[in-house]
Every structure is written in structure tokens, then in C-alpha cells.
Amino acid sequence: MAKGKERAVVVGAGGIAGAWFPPLISEGVDVVGVVDLNPTAAKSRIEQYGLACKPSKNLKATLAATKPDFVVDLTVPEAHCRVTCTALAAGCHVIGEKPMAASMPEARKMVRAAEAAGKLYMVSQSRRWEARHDAARASLAKRSVGEITTINCDFYIGAHFGGFRDEMASPLILDMAIHHFDLARFLTGCDPVAVYAKEFNPKGSWYKGDAAASCIFEMTDGVVFTYRASWCGEGFHTSWNGDWRIVGSKGTLLCEKDADPVAEVAVGKDGFHRRIEPVDIAPSKLSHPGMHGALLELLAFLRTGKKPQTECHDNIMSLAMVFGAIESAKMGRRVVIEA
């Protein structure tokens with residue numbers, strides 16, 4: 001894909017911005033503005049990356065003055081709706097950090113805003129652009145282990161963040177699980193139907209809110225997705241990406257410990273345990289991981305019209321899993337998921 005000179009305004013100059021400026025510069029994007037409530041932070045990023053633009057704390061004024069092709073929203077979740085809707089109304093495409101919004105009503109408002117403006121709004125679910133995940137997805141799509149029946153994900157990390165997460169009511173589900181819920185959809189092509197979830201705060205937890213959860217999702221095609229997770233589970237940590245077991249009608253694929261995915265299928269026709277053979281999984285052809293991969297999909301849309309996989313009409317289904325699980329835990333019953 002040939003590099004162009006698309007113009008972008010970056011909103012939010014906090015820690016996550018350090019993962020976005022290098023790929024923006026690498027892909028030849030002209031960053032024409034950096035907006036932050038703290039202009040000093042914006043100025044610092046401009047100086048750090050040698051940008052020829054001015055810092056600002058006024059998004060509307062910056063958009064009017066610079067007329068960018070797209071906006072990169074790196075603000076806190078509570079600001080996503082306001083920033084995204086402002087950018088869309090100004091005629092800009094938007095790529096934003098996860099989660100899409102701080103509530104489902106806000107997310108639906110953002111989707112409607114993108115439709116009304118006739119502009120793209122996509123969310124960066126960075127784990128989709130990891131080579132091992134892409135290879136696993138491609139293998140499963142070819143039915144390497146047969147038709148998918150079961151998805152299991154375990155996530156156990158003793159995470160001592162300090163700060164706002166320690167005070168959140170649902171730190172695990174609201175701040176972290178969006179990655180794993182979206183990966184379940186990405187890896188298998190299945191979408192959520194309903195969920196029963198139990199949030200809890202184990203003994204020894206240093207969080208004020210519920211830092212652990214067990215969830216059972218009913219997915220399309222009769223697939224069941226189970227999610228067991230804790231942010232206060234000390235010892236034998238899983239991958240931050242989660243440890244995955246995906247069971248099909250002929251065999252099983254594992255994607256765990258940040259290793260390349262492996263799979264095996266039953267080939268024998270007799271015996272208590274059928275004879276098992278490994279499955280060859282082709283390596284991914286992804287050129288860039290994480291945020292860089294997400295940016296490449298946005299640029300491909302601007303240059304060719306190809307729709308990104310995490311555009312808002314799709315990503316809202318991953319967010320619905322988050323709020324469906326929280327609602328189920330509060331109600332103590334199965335909840336139907338509606339995006």
C-alpha cells in the first residue's frame with residue numbers, strides 16, 4: 001500500500017499516545033494537531049516527535065483550522081463519545097482506542113453519528129493485529145479442527161496498578177475483558193447471543209470492586225464461550241492475551257502462553273482414545289502488530305475504500321458483551337445481549 005499524506009489530529013497526549021505517534025509518522029501521516037486538556041502534555045508530544053503543528057485544548061477550533069482527514073481518539077473512555085461525535089460532525093473519519101464507549105447508549109449514539117456524517121468510525125482492538133491470533137483465526141476459518149463448538153479463555157494476572165482501577169466497581173470486566181471478548185469473536189467468527197456472569201472480589205484482593213469473574217456466553221451457531229478471569233490471581237500468570245482452547249468437531253486448537261497456536265485432530269476410527277495427529281498452521285502474513293496494524297486498516301480504507309474489520313457497527317457487539325456481563329452479574333440471571 002503506497003504511503004500518502006493523509007492529515008490527522010491526535011486527541012489525547014497521555015501514555016497510550018506513545019504507541020501511536022511512531023506508526024503515524026512511519027506511514028507518512030501528516031499530524032497537523034495535537035489536542036489535550038493539558039496543553040503542556042500536547043506540546044511535549046509535539047517536541048518529542050518533531051512535529052510541525054501547534055498544541056491545543058480546543059478540539060473544535062483545531063478541526064476547523066486544520067481540516068484533517070481523520071482524528072485519532074486517545075482519550076479516556078468517558079470522553080470517547082464527545083470527542084468522536086465532534087470529529088464526525090466536523091467531517092472527519094475517526095479511529096479510537098478501546099473501549100468504544102463508557103455505556104451502550106453512548107456507543108449507539110456514536111454509531112448513529114457516523115451514519116449521519118457518512119464517515120468511518122473504527123475502534124483499535126490491538127490484539128486482532130497480533131500474528132499468532134491472525135494465524136489461529138485463519139486456521140479455524142478453514143475448519144482445521146472441524147466446526148467450532150466450544151471456546152474457553154483463562155486470564156489470571158496479579159496486576160498491581162494502583163490508581164483509578166483499584167477504585168472501579170468492575171475493573172476486570174470493564175477495563176480488560178473487552179480485549180478477550182473481542183478476540184473470541186475475531187478468532188471464531190461467532191457473535192454473542194446471551195450471557196450468564198458472576199463477578200466477585202476474592203479474598204486477598206487489593207481492589208475495591210470485583211476483580212474476578214466467570215462468564216458463560218451463548219454465541220451464534222450454538223457455540224459456548226466460557227471466560228474465567230482475575231486481576232488479583234497471584235502465581236502462574238497466563239498471557240495478557242489470555243490462554244485459549246477452542247474445540248471443534250474434529251479436534252482442538254490452543255493459543256496460550258504467547259506461543260504460536262497449535263492444533264491437533266482425531267484421525268483414527270477405533271480405540272478408547274482415537275489416534276491424534278497435529279495440524280499444520282500457516283504463519284500469518286501480517287506486516288505490523290497492534291496499533292500499527294489498526295492504522296494500516298484505516299489507511300487502506302482511505303486509499304481503497306476497504307472497510308476495516310473493527311468499524312463501529314461490528315465493534316459495538318464486543319462492547320455489548322462487556323455490558324451484558326456486568327448486567328448479568330448485577331441481576332444474577334442470564335441476559336440476552338443486544339448491540
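The model is predicted, so to speak of local features takes pLDDT of at least 70 and side-chain atom pairs count only at pLDDT 80 or more, while totals for chains, interfaces and linings use all residues. Residues are numbered from 1 along each chain as its sequence is written, and side-chain values use heavy atoms, leaving out hydrogens and water.

**The largest pocket**

- The largest pocket has a volume of about 710 Å³. (A pocket is an open set of points on a 1 Å grid where a 1.4 Å probe fits, with protein on both sides within 12 Å along at least five of seven lines; the volume is the space filled by probe spheres set on the points.)
- It is lined by 28 residues (those with an atom within 4 Å of a point), and P77, K98, P99, R165 and D175 are the closest to its centre.
- The lining divides into 15 nonpolar, seven polar and six charged residues (Ala, Val, Leu, Ile, Met, Phe, Trp, Tyr, Cys and Pro are nonpolar; Asp, Glu, Lys and Arg are charged; the others are polar).
- Helix 4 (77-89) and helix 7 (171-188) each supply at least two lining residues, and helix 7 gives the most, with four. (Helices are DSSP runs of H or I, at least four residues, numbered from the N terminus.)

**Helix 7 meets helix 9**

- Helix 7 packs against helix 9 (residues 312-331) at an angle of about 130°, with the axes 9 Å apart. (Axes are lines fitted to C-alpha atoms over the stretch in contact, and angles run from 0 to 180 degrees between N-to-C directions.)
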